[in-house]
Amino acid sequence: KEPACCSLPWKRCTELQLLQKLWPKQLHNSASTMAMAIYHLAAGIVLLFVAHNVSAASEPYANVTLHSPLMSARVFLPYNDESEDSQYYVGSRFEHGSMIGDVVYGHKTVYGREMWRTPHDASWPESGVGLASEFGCGDDGPTCAGKGDITNGVLGYESAKNGEPFLKIGVGALIKGSCPDCLTDPTDDYKFNSPYKFYRQPKWSTLPSPSPNEVSFLHEESLGDLGYRIQKTIRLEGNIMTVRTILSNSGKKQFSTPWYSHHFFTGDNDPVGPGYGIDLGLSEYGVRASAPLFDQPGIGLGWAEDLNTYANVTMARDGSISMRMSKTIPEGVRLKAEFLDEQTITLTDGSFTLHAPNGLSVEERIPELQSQSRNPFIYKYNVYAERGTLSPEPMLLLYLQPAETTVWTQHLKFTSPVDARFLGAPFLSMYLPSDWQNPSFMYWRSALAVALCSAAFAG
């Protein structure tokens, strides 16, 4: 007899049908809640593998999914000689090894792809995802403002002629003058957001990892006396994700460059509006009471609107700043606020906490910024927003002499007050219908299933 599934959630119905085929006698004879829990848990093992295989088959871009008992994150793989799948990002702006998104915590998703630059074009400079990072200051020109010769993430640009190669750190060798905006601009400036043609195919290597919840990449490029080497390691453990970057100057000339992670952040595909917010970890040092809270140069240049129209920004006595969205950002509207610039002296550690309407929060800090006495340093602190992203952008400034190496780590903590009730005993959530499809607890259900089923067979 087929089970009566009409009143049950679809997944639980499927589990009952599977178990009827796999374990019919026990299913029909079961009368206790504990027995049903065992059946549900055993089916969870089957569904875990089915769901994993379906997800992998439906994703057209090369990727690995990192898992912990609480969450998962997808890392899109950069190009290598052995790759047979398409790459999610092959543009000329963002670091190819930084495409980290589709973060699922409980039944909540952040850093998804559906709200940003759709339909997706892998070669378009802006088409990054999640933690996509860039070497540079996010402006046009081969250099960035500040003391000394600060490059806009490019090496050898000014000395190259049109048609000759230059290096974009984290991207590879590009051809000067090959971007669409280059053809109409007489200034010969570097265009950070226009697609350049590649001089040669960039290559990345995937390094052996000590555990399945970690992945590491290696990339290096050189051009004459210029060169760099990048190693990136992404690790997921519990509700903590760490992204460690090691940058080396492999050339014979020193260089300095800003770096930032864009943070293409939305929650459950909700457009940026009420329910979104940021707490910025800015300190009182370097912040004058009479100074404006932030600058908005994009308004004067005609491409941005006033942030105050869409958000309430407040400052505490210690200089910490909070921003809460008060109005949904329409299509086509862009906002940018500069809270710190290259002239500000501050003890900020570059931290922030992002809040999504679904209740999920993401706190990031970069421990290496705790002290201003060593490389790297804080350079700027911007916030960018559109309908499809709320992006805090603390910028680091990196100085590297030949053969010098510097290291920094993004430490991201994911929390949700709704799901925190189960952190002590997550497996108890299997008894709540609203949490039955919560992937965070799949591991607990599966592990408990093995133990209970083993005991049942032994008995």
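Predicted model: local features only at pLDDT ≥ 70, side-chain atom pairs only at ≥ 80, totals over all residues.

Reader: Which residue of E3 stands opposite Ser-72?

Author: That is Val-104.

Reader: What sheet do E2 and E3 belong to?

Author: They sit in an open sheet of four strands, in the order E1-E2-E3-E4, and the pairing is antiparallel. Strand E1 (63-67) and strand E4 (108-110) are the edge strands, each pairing on one side only. Neighbouring strands of this sheet are turned against each other by 20° on average, with direction ignored.

Reader: How many bridges hold E1 and E2 together?

Author: Five bridges, in the antiparallel sense, and E2 covers residues 71-76. The link between E1 and E2 is a hairpin of three residues. His-67 has Ser-72 of E2 as its bridge partner, and Leu-66 stands opposite Ala-73 in E2.

Reader: Is E2 mostly covered or mostly open?

Author: Mostly covered: six of its six residues are buried. Met-71, Ala-73 and Val-75 point one way from E2, while Ser-72, Arg-74 and Phe-76 point the other way.

Reader: And which of those six are buried?

Author: All of them, on both sides of the strand. That includes Arg-74.

Reader: What volume does the second largest pocket have?

Author: About 450 Å³. Its lining is made of 24 residues. Those nearest the centre of the pocket are Gly-138, Phe-192, Asn-193, Trp-303 and Arg-334.

Reader: How do the lining residues divide into nonpolar, polar and charged?

Author: The lining of this pocket has eight nonpolar residues, five polar ones and 11 charged ones.

Reader: Moving on. How many disulfides does the structure hold?

Author: Two. One joins Cys-137 to Cys-144, with the sulfurs 2.2 Å apart. The other joins Cys-179 to Cys-182, with an S to S distance of 1.9 Å.

Reader: Remind me what a disulfide is?

Author: It is a covalent bond between the sulfur atoms of two cysteines.

Reader: Why is the disulfide of Cys-137 and Cys-144 left-handed?

Author: The torsion about its S-S bond is about -90°, so the disulfide of Cys-137 and Cys-144 is left-handed. The link of Cys-179 and Cys-182 has 95° about the S-S bond and is right-handed.

Reader: Are Cys-137 and Cys-144 buried or exposed?

Author: Both are buried. Cys-179 and Cys-182 are buried too.

Reader: Last topic: hairpins. What joins strand E10 to strand E11?

Author: E10 (residues 214-223) and E11 (residues 226-237) run antiparallel and are joined by 10 bridges. Within this pair, Glu-221 stands opposite Tyr-228 in E11. Their hairpin has two residues between the strands, and Gly-224 takes a positive phi near 65° there.

Reader: Where does E11 go next?

Author: E11 also pairs with strand E12 (residues 240-249), antiparallel and over 10 bridges. Ile-234 stands opposite Val-243 in E12.

Reader: Which residue takes a positive phi in the hairpin of E11 and E12?

Author: Gly-238, near 65°, in a hairpin with two residues between the strands.

Definitions and conventions. Residues numbered from 1 in each chain as written. Heavy atoms only, no water. Disulfide = S-S within 2.5 Å. Buried < 20%, exposed > 50% of the residue type's maximum accessible area, 1.4 Å probe, protein only. 1 Å grid on protein atoms, 1.4 Å probe; cavity = no way out; pocket = protein on both sides within 12 Å on 5 of 7 lines; lining within 4 Å. Points joined across faces, edges and corners; volume = space filled by probe spheres on them. Nonpolar A, V, L, I, M, F, W, Y, C, P; charged D, E, K, R; others polar. Pairing = 2+ DSSP bridges. Axes fitted to C-alpha atoms, helices over the stretch in contact; angles between N-to-C directions.
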